[in-house]
Amino acid sequence: MARNAMLIDESKCTACRGCQVACKQWNELTGWEYSKTVNGGGYENPPKLTPQTWTRIKFTELDGPQGFRWLFLKEGCMHCGDPACVNVCPTKALKKQVDGRVTVETDLCNGCGYCSQFCPFGIPKLAVEGVFTGKAKASKCTFCQDRTGNGMGPSCVKTCPAQALHWGDRDKLIAVGKKRVEALKTRGFTAANLYGEEVVGGLGRLYVLIEKPETYGLPADPRYPVAAIMWQNIVQPLGKIAIGGTMLATLVAWLVIRRNIKMEEVE
Amino acid sequence: MNGQGQQAGHVFQIRWIPKYTFVERLLHWVHTASFIPLVATGLVLYLDILKPLAQGDAGQWMRLMHRLAAVLFIAEPVIYGIMQPRRLWMHLKEFSFERDDLGWLKNAFSYYVWGRHEAMPPQGRFNTGEKINGMMMILGWILFVASGLIMWFGKGVVSADLFRWMVVLHDLTTIVSVCMFIVHLYLAVAHPLMWAALVSMRFGVASASYAAAHHAKWYYGPKRAMELYEAKKRGASHSG
């Protein structure tokens, strides 16, 4: 099955934040975390992704020779082609679907939080009930797995009035994105670029950006974490060999030594 | 503590000398009782066959148990240090290595496999292997506690990269510790030369004749032990 993806054209986003509302509504996420509004000095709200906020528009304020302007970035899970979160998840709560979506099965989650720490983008969030007990649940954007698993698009895509969001076949959307980048370049946005085509196995969330990724606060060169490779591809397999080998050697030692040394002869 | 008895017409006498205090033995078993559940609840994240136990509510319970056992694991040496600081210091000194330990390592194979302890240089209260085990356990404890506490309380506080490497370190320490535990368990319960170790850890005493043969530097003192060792070597070369 071909990979699906979301193309986010940040040159079209007006930061109406309809996507934030649609996300909360469809996924039944509360706004209780922000019952006390915090003024961060800008129009951005809420201030960050949380267990109850899976997508939000990040505002970057730029003050240049052309005057003041905003850059908008619709944050959320990147649905990496090579998802570290899925590999480090010990419960299979996180799964990579055949069409590339990284879905969450909350019932299976035990709250270990490895996904939140190994994600190259720091996306999955942990709702911690108790630090001492470790009771927690992880959550993140699932591309509305119950919609996209049934042939519909994510609810944010459906709601976007600026038509900045697109859902569909990844290869086709890459072509659309590249065309848009070229069009933007001819119109003076020389730094325009398509983000996410190749990195971390190719992202399921593609961005048309009008400035460099770093200007938006996106990592220019996100990498699958080296520690995850070290841990799961080297230490864990070698550990199984080491422990198995020690058990085997001890068994052999036991069989040999019990014949060699008679306990009665030891003073 | 001297015991007497009669067996098949022979009178035998075992003279017992103290080796461990009550607190040491109790804490040894507290350590055991925390280490085994720690490994068991950790293995559910490691072995694919056990992974269903890591899912959902069962997984939450595993993580809670891991934390409860961790409290014991962390507290045990701390309690020891508070209750018997001199004994702790004495152990740290006894675990440190000397030149003789090389001689022991050279002869360790024939000692453990063939039971030949004549060639072994005289040992203190702990032989070289026991010292290595002791030092590795101290190092392992430090690494477990440091990486574990960072994973427990540092999530979202320390950098993600530090957290990731703590996971790797915790796993690496587990693997080495489990290998050591397997060997330790075998030596303690099944190796014919080591029966005295389990007696010592249960009742706090060692038989004098065992101590004289296997831990001469402890039994006779370093000077006398070396004299006896040299004399025995000369005797062996004369007769040979």
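**Exercise 1. Chain A as a whole**

Find what share of the contacts in chain A with a separation of 6 or more comes from residues 24 or more positions apart, then describe the chain's build.

*Solution.* Start with the contacts: residues 24 or more positions apart account for 59% of those in chain A with a separation of 6 or more. Keep in mind that you're looking at a predicted model.

Next, count the elements. Chain A has eight helices and ten strands.

Then look at its dimensions. Along the principal axes, the C-alpha atoms of chain A fill a box of roughly 95 × 40 × 40 Å. The radius of gyration of chain A is 24 Å, while a compact globule of 267 residues would have one near 18 Å.

Last, check burial: 37% of the 267 residues in chain A are buried.

**Exercise 2. A sheet in chain A**

Work out the strand order of the open four-stranded sheet in chain A, and explain why β8(A) and β9(A) each have one side without a neighbour in it.

*Solution.* First, the order: this open sheet reads β8-β1-β10-β9 in chain A, and its pairing is mixed. The edges belong to β8 (165-169) and β9 (193-195) of chain A; each has a single partner strand, so one side of each lacks a neighbour in the sheet. On average, neighbouring strands here are turned by 20° against each other, ignoring direction.

Now go through the pairs one at a time:

- β1 (residues 4-9) of chain A and β8(A) run antiparallel and are joined by five bridges. Here Ile8(A) has Leu165(A) as its bridge partner.
- β1(A) and β10(A) run parallel, with four bridges between them. Opposite Met6(A) you'll find Arg205(A) of β10(A).
- β9(A) and β10(A) run antiparallel, held by three bridges. Tyr195(A) is partnered with Tyr207(A) in β10(A).

**Exercise 3. Chain B and one of its residues**

Describe the build of chain B, then decide whether Ser147(B) is buried or exposed.

*Solution.* Step one is the inventory: chain B has ten helices and four strands. Along the sequence, the pattern in chain B is β-β-β-α-α-α-α-α-α-α-β-α-α-α.

Step two is the overall picture. The C-alpha atoms of chain B fill a box of roughly 70 × 40 × 40 Å along the principal axes. Of its 240 residues, 26% are buried. Of the contacts in chain B between residues at least 6 apart in sequence, 60% join residues at least 24 apart.

Step three is Ser147(B), which sits in helix α5 (residues 128-153) of chain B. A residue is buried if 20 or more other C-beta atoms lie within 10 Å of its own. Ser147(B) has 23 within 10 Å, so Ser147(B) is buried.

Leaving out residues up to four places away in sequence, Ser147(B) touches Met166(B), Leu169(B), His170(B) and Thr173(B). Leu64(B) is 83 residues from Ser147(B) along the chain, and their C-alpha atoms are separated by 17 Å.

**Exercise 4. Where the chains touch**

How many residues does each chain bring to the contact, and which element of chain A gives the most?

*Solution.* Count both sides: 41 residues come from chain A and 39 residues from chain B. On the side of chain A that touches chain B, the elements giving two or more residues are α3 (114-118) and α8 (226-260) of chain A. α8(A) gives the most to that side, with 18 residues.

To finish, sort by class. The side of chain A that touches chain B has 23 nonpolar, 13 polar and five charged residues.

Terms used. Residues are numbered from 1 along each chain as its sequence is written. Chains are lettered from A and ligands numbered from 1 in the order in which they are written. This is a predicted model: local features need pLDDT of at least 70, side-chain atom pairs count only at pLDDT 80 or more; totals for chains, interfaces and linings use all residues. Two residues are in contact if their C-beta atoms, placed from the backbone, lie within 7 Å. Ala, Val, Leu, Ile, Met, Phe, Trp, Tyr, Cys and Pro count as nonpolar, Asp, Glu, Lys and Arg as charged, and the others, Gly among them, as polar. A residue is buried if 20 or more other C-beta atoms lie within 10 Å of its own, exposed if 12 or fewer, and partly exposed in between; C-beta atoms are placed from the backbone. The radius of gyration is taken over C-alpha atoms; the globule rule is 2.2 Å times the number of residues to the power 0.38. Two strands pair if DSSP finds at least two bridges between them. Axes are lines fitted to C-alpha atoms, for helices over the stretch in contact, and angles run from 0 to 180 degrees between N-to-C directions.
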